[in-house]
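Okay, thanks for coming, everyone. Let me put the chain up on the screen and walk you through a few parts of it.

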Amino acid sequence: MAPPLLLLLLASGAAACPLPCVCQNLSESLSTLCAHRGLLFVPPNVDRRTVELRLADNFIQALGPPDFRNMTGLVDLTLSRNAITRIGARAFGDLESLRSLHLDGNRLVELGTGSLRGPVNLQHLILSGNQLGRIAPGAFDDFLDSLEDLDLSYNNLRQVPWAGIGAMPALHTLNLDHNVIDVLPPGAFAQLSQLSRLDLTSNRLATLAPDPLFSRGRDSEASPAPLVLSFSGNPLHCNCELLWLRRLARPDDLETCASPPGLAGRYFWAVPEGEFSCEPPLIARHTQRLWVLEGQRATLRCRALGDPAPTMHWVGPDDRLVGNSSRTWAFPNGTLEIGVTGSGDAGDYTCIATNPAGESTAHVELRVLALPHGGNGSAEGGRPGPSDIAASARTAAEGEGTLETEPTVQVTEVTATSGLVSWGPGRPADPVWMFQIQYNSSEDETLIYRIIPASSHHFLLKHLIPGADYDLCLLALSPAAGPSDLTSTKLLGCAHFSTLPAMPLCHAPQAHMLGGTLTVAVGGVLVAALLVFTVALLVRGRGAGNGRLPLKLSHVQSQTNGGPSPTPKTHPPRSPPPRPQRSCSLDLGDTGGCYGYARRLGGAWARRSHSVHGGLFGAGCQGMGGSAERLEESVV
């Protein structure tokens, strides 16, 4: 019974190894070698007892939970140089014994929160040579306490999960080189007491924040693991912010300065400490004074120069720092926006620019012009809402009798989208600072404001809604009597008008129609011109051919072959034919008579115009017979 049982065990063991792979059973561990096999996916019949699985240099594109299910004893997994673009959630969920995971040389662009969940004892994670642009903040949470080696080099990372990396107490090596990291958070490596190598080569770091970790590079007694730091290939801005790093005195490195211009290209460790200088901030321009209507947006601007770039802050009239809220926004470039202004926002604001070399301040005055509020508004505290101010102001004014007996505000020349507002002599006794028009429509309840200079008596409203009813009120704003008083407002009058309905638009002829019409017109002109030219040539040619007189032959001799020449016969002189009687009223002289080309052509066209079918009448000058001259005037 023993030999058949042995054969059965051997057969079962051989069947557990995938066909294109090589399985090696060394002592108590099983290694499955499937590198360079042209695999498109993880073989489904891999022995679940495998301790080492090598799947490098294949064409695997995706990983999912079924690929490594129940492989609790797997320690080393190599997936280098494949075409992996996606790792499903908990694809490594059963790999609780995994110590080393190689995913370098793939096409990963993102790691989600669940992509690396499962290997709680992972020590070596290699993700270099991918296309990673984002790593979720919790991607490394399952192995924070065990990870010793993290390689994220040669990716497209601008940010990494600094909070997770800073919480890896056992981390020895961190490779972040050849990425696009431009900022290191202060204290990002403060808790990495075991870190012995940090590679930041070829990133976009212009400065490095002070960190106790970097001092271990020159003082080996401060920690049992001296730090090997590499940060060459970064565009370092050599100013006072890097003076602390310059004092570490590491002459063996070859870092160079990229700016300022006076230090560009010089070796970082060769620049004297005195040349690492900064420039204090200088506010170049800012808003001096800003007046806005209550409820409108206010934008305060402040621009500052300095080296390094100053940090901008705003202090409000209550001497408190103005931060971001649901109503105010403070931008890094020095702009402060107040979304909806109120009377409490008025006052003096202070813009503060600070950098390591000093600070600079500037003051901005904000004045908020109060709007009239009726006592019967619908908003809280008797204050009307934004869409019924005009109606409530008009109602309150009518109730108090402040309107003139005759309307002083009129809207004329109303079209579908415009209307001319004019107001008469009914003005308040107080000096007018400016006029304000408030109006809204039945289609849109938004209240619209227009500010008009005090010298104006009319205003053209544009961009109105066709076929809508409008309520409009005119107010006069007077300057405050004292510095603590509010702006005085008085209602001059209100008006109601309706815009005309929209008229259908007349569409211009299409381009192809215009092009076809133009082509036909030009072609007709050319054909007509060619026809006229052809007729003219025809008339001229026939006239010239019929105007030649018959040739007169005289003294004609024949050539002989040496014989005597025949005696020519003499003919009696012929008398010239009698000159025909002229019945023409215009004589052009003897050179061609009245039968010149111009007259022949004119006569021909005159006779053609008297013909019903375009033929020629036979009428000509009286006394004409069958001579050649009569033929010239009767034939065209």
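This is a predicted model: local features need pLDDT of at least 70, side-chain atom pairs count only at pLDDT 80 or more; totals for chains, interfaces and linings use all residues.

Let's start at Cys23, which is partly exposed, with a relative accessible area of 28%. Cys23 forms a disulfide with Cys17, and their sulfur atoms sit 1.9 Å apart. Now, is Cys17 buried or exposed? Cys17 is buried: its relative accessible area is 17%, and the cut-off for buried is under 20%. As for handedness, the torsion about the S-S bond of Cys17 and Cys23 is about 95 degrees, so this disulfide is right-handed.

How many disulfides are there by this rule? The count comes to 6. If you number the bonded cysteines along the chain, the pattern reads 1-3, 2-4, 5-7, 6-8, 9-10, 11-12.

Let me show you another one. Cys240 is joined to Cys278, with an S to S distance of 1.7 Å. This pair links distant parts of the chain, 38 residues apart. Cys240 is in the loop between strand S15 (236-237) and helix H3 (243-246), and Cys278 is in the loop between strand S16 (257-259) and strand S17 (279-286). The torsion about their S-S bond is about -100 degrees, so here we have a left-handed disulfide. Cys240 counts as partly exposed at 23% relative accessibility, while Cys278, at 18%, counts as buried.

Next up, Cys473 and Cys494. Their sulfur atoms are 2.0 Å apart, and they form a disulfide. Cys473 lies in strand S31 and Cys494 in strand S32 (residues 488-498), so the pair ties together parts that are 21 residues apart in sequence. Both of these cysteines are buried. With a torsion of about 100 degrees about the S-S bond of Cys473 and Cys494, this disulfide is right-handed.

Strand S31 takes us to a neighbour, strand S28. S31 (residues 469-478) and S28 run antiparallel, joined by 8 bridges. One example: Asn440 has Asp471 in S31 as its bridge partner. S28 is also joined to strand S29 (residues 448-453) by 6 bridges, again antiparallel, and there Met434 stands opposite Pro453.

So why is S28 described as largely enclosed by the rest of the structure? Because 8 of the 8 residues of this strand (residues 434-441) are buried. Look at which way they point: Met434, Gln436, Gln438 and Asn440 go one way, Phe435, Ile437, Tyr439 and Ser441 go the other way, and all are buried.

Quick reminder for anyone new to sheets: strands pair through backbone hydrogen bonds, either parallel or antiparallel. We have an open sheet of 4 strands with mixed pairing, in the order S18-S25-S24-S21. Strand S18 (289-293) and strand S21 (311-315) are the edges, each pairing on one side only. On average, neighbouring strands of this sheet are turned by 25 degrees against each other, direction ignored. S18 and strand S25 (residues 358-369) run parallel, with 5 bridges between them, and Val292 stands opposite Val368 in S25.

Last, let's zoom out. The chain has 7 helices and 32 strands. Of its 636 residues, 38% count as buried. Among contacts in the chain with a separation of 6 or more, 54% come from residues 24 or more positions apart. And the accessible surface comes to about 36300 Å², with 57% of that belonging to carbon and sulfur atoms.

How values were computed
Residues are numbered from 1 along each chain as its sequence is written. Side-chain values use heavy atoms; hydrogens and water are left out. Buried means under 20% relative accessible area, exposed over 50%, partly exposed in between (1.4 Å probe, protein chains only). Helices (H or I, at least four residues) and strands (E, at least two) are DSSP runs, numbered from the N terminus. Two strands pair if DSSP finds at least two bridges between them. Axes are lines fitted to C-alpha atoms, for helices over the stretch in contact, and angles run from 0 to 180 degrees between N-to-C directions. Contact means heavy atoms within 4.5 Å. Accessible areas come from the Shrake-Rupley method with a 1.4 Å probe; for residues, only the protein chains shown count as cover. A disulfide is a pair of cysteine sulfur atoms within 2.5 Å.
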